Amino acid sequence: MDARPASAPIARPSLQPWLWTGFLALVMALPVLRSGLTAPGPLPPVLGTVPDFRLVDQSGAPFDPARLVGRVWIADFVFTRCPDVCPRMTERLVGVQRTLGDRVDLVSVSVDPTYDSPDRLLAFARAHGADSPRWHFLTGDSRQIQGTVLRGFRVAFQRDSDDVATLTHGVHVVLVDGRGRIRGFYDSGDPEALERLVADARWLADRPGA
């Protein structure tokens, strides 16, 4: 039991000025220490390999995956007559491209190649701010593109007739590393997924052998 009278003051030890300085410095350093101890995120897994293909870009030049050896790239699938989804997806990827800069290339494959000539793809790219030299819009043989979309990149695709209104395709984008390996699928309509895409693409670009 405390034998002091109720009215007696309770003595408290006082810190010397130099101790206060050291204490405050430690408190301010704690966030930095915590961040330094934070474990890195998981390594983007290898989910498959990009198939070989021969297409043409928006300038009419031949294009194949060998053009991007050693480069991290992001693929998506669009068509220029798309009324809403493709323009929105492209404009979101413009933000991704501006964030990553020259670290990555982007590859947009037309799923309506009989209509989407190189000139139409070029006009679409310019209309939506996607005219970076690191952004390749591709068209070519319809059967090859369907095979590439369905089997190679594992993105949903369906067209029931010549009517473009029957054309549907997946809105996920695909992350590919410098060795042509698929490292992730990301919902282009989900801002958090696009943040993960940026982080994973940056991670791979900084570690070419990963």
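This is a predicted model: local features need pLDDT of at least 70, side-chain atom pairs count only at pLDDT 80 or more; totals for chains, interfaces and linings use all residues.
## Overall composition

The chain contains five helices and ten strands. Of its 210 residues, 40% are buried. Among contacts with a separation of 6 or more, 71% join residues 24 or more positions apart.

## Helix α5

Helix α5 covers residues 191–206. Its 16 residues should span 22 Å at 1.5 Å a residue, and the end C-alpha atoms lie 23 Å apart, which agrees. At the start of α5, a side-chain oxygen of D190 comes to within 3.0 Å of the backbone nitrogen of E192.

The buried residues of this helix are A193, L194, L197, V198, D200, A201 and L204. An α-helix has 3.6 residues a turn, so residues three or four places apart point the same way.

Buried positions in α2 are C86, P87, M89, T90, L93, V94, V96, Q97 and L100. Just after this helix, G101 adopts a positive phi of about 60°.

The axes of α2 and α5 approach to within 11 Å and cross at roughly 30°; the crossing is right-handed. On the α2 side, R92, L93, V96, T99 and L100 take part in the contact, meeting L194, L197, V198, A201 and R202 of α5.

## The nonpolar core

In soluble globular proteins, nonpolar side chains tend to be buried together. Here the largest nonpolar core has 49 residues, and the members that touch the most others are I74, F153 and L197.

Apart from its neighbours within four places in sequence, F153 contacts V50, F53, W73, A75, F77, T148, V174, V176, I182 and F185.

## Backbone at R154

R154 lies in the loop between α4 (142–152) and β7 (157–159). Most residues other than glycine have a negative phi. R154, although not a glycine, has a positive phi of about 60°.

Definitions and conventions
Residues are numbered from 1 along each chain as its sequence is written. Side-chain values use heavy atoms; hydrogens and water are left out. Helices (H or I, at least four residues) and strands (E, at least two) are DSSP runs, numbered from the N terminus. The expected span of a helix is 1.5 Å times one less than its number of residues. Buried means under 20% relative accessible area, exposed over 50%, partly exposed in between (1.4 Å probe, protein chains only). A polar contact is a pair of N or O atoms within 3.5 Å; within protein, one must be able to donate a hydrogen and the other to accept it, and residues adjacent in sequence count only if both atoms are side-chain atoms. A nonpolar core is a set of buried Ala, Val, Leu, Ile, Met, Phe, Trp, Tyr and Cys residues joined through side-chain atoms within 4.5 Å. Contact means heavy atoms within 4.5 Å. Axes are lines fitted to C-alpha atoms, for helices over the stretch in contact, and angles run from 0 to 180 degrees between N-to-C directions. A crossing is left-handed if the near helix is turned anticlockwise from the far one by less than a right angle, and right-handed if clockwise.
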